[in-house]
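Q: I'm new to this one. Can you walk me through a few parts of it?
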Amino acid sequence: MPESHTLQMSRRQIFTGGALAASALALAACGGPGATGGSGSDTAGKDPSELTIGIAMPTKSSERWIKDGQNIRTQLEELGYNVNLQFAEDDIPTQTNQIDNMITQGVNLLIIAPIDGTALSGQLDSAGEAGIPVISYDRLIRDNENVSYYTSFDNYDVGTQMGTSLLIGMGVLDADGNDAGKSPATPYNIEVFGGSPDDNNAPFFFNGAMDVIQPYIDSGVLAIKSGQTDFNTVATMRWDAATAQSRMDNLITSTYSDGSRVDGVLSPLDSMSIGILGALKGAGYGTSAQPYPTVTGQDAEIAGIKSILAGEQYSTIFKDTRALADAAGQMAVAILTGGEPEVNDTETYDNGVKVVPSYLLKSEIITKDNVQTSLIDTGYVTEDEVK
Ligand code: BGC
């Protein structure tokens, strides 16, 4: 079993029922230091039923955030905490209002996945003044000292997995990720897409992927035929599928009307991949004479998995939101009981003001070969949902 799975399972096992309650009590008893950037101390020793945790998620338009929100809420409610869970439909003023209200209502801790990582400074200042600890969830909140902790995946690694799966799908790497020794007469054509420029994760994904892809551009195996290579040019505001589809439409018209073929597309999100595949379909791809290029993705969303099983999208990156919810819940409990949350990275996530102590999880490449073992057998999705 890979190390990441062992780690996630052991955290999961700890974070269930009585075992967690016992560990929470143990933490409370040893009365460790309070959280960085939030006191937590005035909550230690209180019954969970006296405490409320505010959870601010960015949107319900993407499946993963619904699961994240529900998973964190379930974990904490099972332990007796009160939970105020809000989704902001990708609208920044909605999210700032929701967090303002939570602070006014006196929540004891905030778990926030920001829409725009730079847009919450006012809220973080108020949280700091009120002594409310803040856990930045999956996406880093930037430019404020009152971010107590961060939990996410190893986002650079998620990017290298995207890049690696693109190269495996194109046959540039073999199934084990080793160089397959391709040296085409003319380079294979790829196009690259980035995520939302206001999301701290998006450059991590893009840089991770490009670090894997770039050597093959340098050696002439691949070319980004449009010449659109830098993050700001290829970024997709709010990860919007329609924006990705229309950029792919434009690329096909501007760059591939000479009869050349798109052989690969780096896409950082399943719903964007579906938009990109739609544009390609409209241009005649998806037939035996003109198969789809290798298209990557992220999040193992139902529609993405279906597309993979239908032989359209090639890959996705599975980030187990159950494990992330566990990690966030465990952090919250440690802080509220006066303990110190477990972290495994104290270097990578500099939010512009401080390096935020982080707990990072591992992700996994999914293709049609491991949908069953990694997603269905683990109960992340059901067979009925994806088949
Ligand atoms: C998350 C991804 C998600 C994207 C769009 C990123 O911050 O890490 O998992 O696909 O946002 O919602």
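A: Helices (H or I, at least four residues) and strands (E, at least two) are DSSP runs, numbered from the N terminus. This is a predicted model, where local features need pLDDT of at least 70 and side-chain atom pairs count only at pLDDT 80 or more, while totals for chains, interfaces and linings use all residues. Residues are numbered from 1 along each chain as its sequence is written, and side-chain values use heavy atoms, with hydrogens and water left out.

Q: ok, which helix does N201 lie in?
A: N201 lies in α7, which covers residues 201-218.

Q: is N201 buried or exposed?
A: N201 is buried, because its relative accessible area is 1%. Buried means under 20% relative accessible area, exposed over 50%, and partly exposed in between (1.4 Å probe, protein chains only).

Q: and what is N201 in contact with?
A: Leaving aside neighbours within four places in sequence, N201 is in contact (heavy atoms within 4.5 Å) with D138, R139, Y150, S152 and N155.

Q: which side chain joins N201 in a polar contact?
A: That of Y150, at 3.2 Å. A polar contact is a pair of N or O atoms within 3.5 Å; within protein, one must be able to donate a hydrogen and the other to accept it, and residues adjacent in sequence count only if both atoms are side-chain atoms. The backbone oxygen of D138 also lies 3.0 Å from a polar atom of the N201 side chain.

Q: switching topic, what order do the strands of the open sheet come in?
A: The 6 strands run β2-β1-β3-β4-β5-β11, with parallel pairing. Two strands pair if DSSP finds at least two bridges between them. At the edges are β2 (82-87) and β11 (358-361), each pairing on one side only.

Q: how many bridges join β1 to β3?
A: 4 bridges join β1 (residues 52-57) to β3 (residues 109-112), and the two strands run parallel. I53 stands opposite L109 in β3.

Q: now α11, which residues are buried there?
A: In α11 (residues 302-309), the buried ones are I302, G304, I305, S307 and I308.

Q: what covers them?
A: The cover includes the helices α3 (63-78), α10 (270-282), α13 (371-376) and α14 (383-386). The strands β10 (316-318) and β12 (364-366) are also part of that cover.

Q: and what follows α11?
A: G311 follows, with a positive phi near 80°.
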